[in-house]
Amino acid sequence: MAGLLLAAGEGARLGTPKALVEYAGERLVDRGVRLLEEGGCHPVVVVLGAATVQVRGAVTVRNPDWASGMGSSLRVGLAALPREAESVVIALVDQPFIGPGAVRALIASGAGLAVATYEGKRRNPVLIAREHFAEVAELAVGDVGARPFMKAHPELVTEVPCDEHGNPADIDTPQDLRLLEPS
């Protein structure tokens, strides 16, 4: 089970690439790698773009077309996975409050296409079996990831409740950074 962390964006609304933002002394990119590793993924591939950083414990790849949106990063990441990876769990760098239990729950589902839900709503992370990589990549255009594939194949989707494994809140704006401050 491989892990894929999408961390290429410039964080336009935030004013800095999200991968570089720190929470509790840890960059969000490192936190995302740890989420996937502790959840049971190996290797972990990180897709970078707007910022180039060293990431310990992960393979990094650069998306030269990062400005076009998440779809291109997903395509670059899927193409970078080792051939022996039968499935991948995909996480986003800007969701630092999701715990590794969500990744473990997706893997334990045994599904070929699984999505974490919180309060009944589909969010991230997402698990995708290799047999779906080509079509997921084909449908990932602009600023969307696997959602078009899941919409096209609802019969394949397994929803995995992950409410007890964290909060899927995104860090998108300077106001959201307040969520990172200790209370």
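**Figure 1. The largest nonpolar core of this predicted model.** Start with the greasy part: in this predicted model, the largest nonpolar core has 36 residues. Leu 5, Val 29, Leu 36 and Val 46 are the ones with the most contacts inside this core. H1 gives the largest share, with five residues.

**Figure 2. Leu 36 and its neighbours.** Let's zoom in on Leu 36, one of the core residues with the most contacts. Leaving aside residues up to four places away in sequence, Leu 36 touches Gly 3, Leu 4 and Leu 5, along with Cys 41 and Val 44. Val 89, Ala 91 and Val 103 are on its contact list too. Now look for Leu 4 again: Leu 4 belongs to a second, separate core of 26 residues, which also includes Leu 74, Phe 149 and Met 150.

**Figure 3. Thr 117, tucked into strand E7.** Thr 117 sits in strand E7, which runs over residues 113-118. Is Thr 117 buried or exposed? Thr 117 counts as buried because its relative accessibility is 4%, and the cut-off for buried is under 20%. Skipping residues up to four places away in sequence, Thr 117 touches Arg 122 and a run of others: Glu 159, Val 160, Pro 161, Cys 162 and Asp 163. Arg 83 is another story: Arg 83 and Thr 117 are 34 residues apart along the chain, and their C-alpha atoms are separated by 29 Å.

**Figure 4. Two cis peptide bonds.** One goes from His 42 to Pro 43, with omega near -5°. Pro 43 lies in the loop between H1 and E4. The other joins Asn 124 and Pro 125, with omega about 5°. Pro 125 has its place in strand E8, residues 121-129.

Figure 5. Most residues other than glycine have a negative phi. Ala 24 is not a glycine, yet its phi is positive, about 50°. You'll find Ala 24 in the loop between strand E2 (22-23) and strand E3 (26-27). Ala 24 counts as exposed because its relative accessibility is 71%, and exposed means over 50%. Glu 119 has a positive phi as well, near 50°. Its place is in the loop between E7 and E8. With a relative accessible area of 73%, Glu 119 is exposed.

Terms used. Residues are numbered from 1 along each chain as its sequence is written. This is a predicted model: local features need pLDDT of at least 70, side-chain atom pairs count only at pLDDT 80 or more; totals for chains, interfaces and linings use all residues. Side-chain values use heavy atoms; hydrogens and water are left out. Helices (H or I, at least four residues) and strands (E, at least two) are DSSP runs, numbered from the N terminus. Buried means under 20% relative accessible area, exposed over 50%, partly exposed in between (1.4 Å probe, protein chains only). Contact means heavy atoms within 4.5 Å. A nonpolar core is a set of buried Ala, Val, Leu, Ile, Met, Phe, Trp, Tyr and Cys residues joined through side-chain atoms within 4.5 Å.
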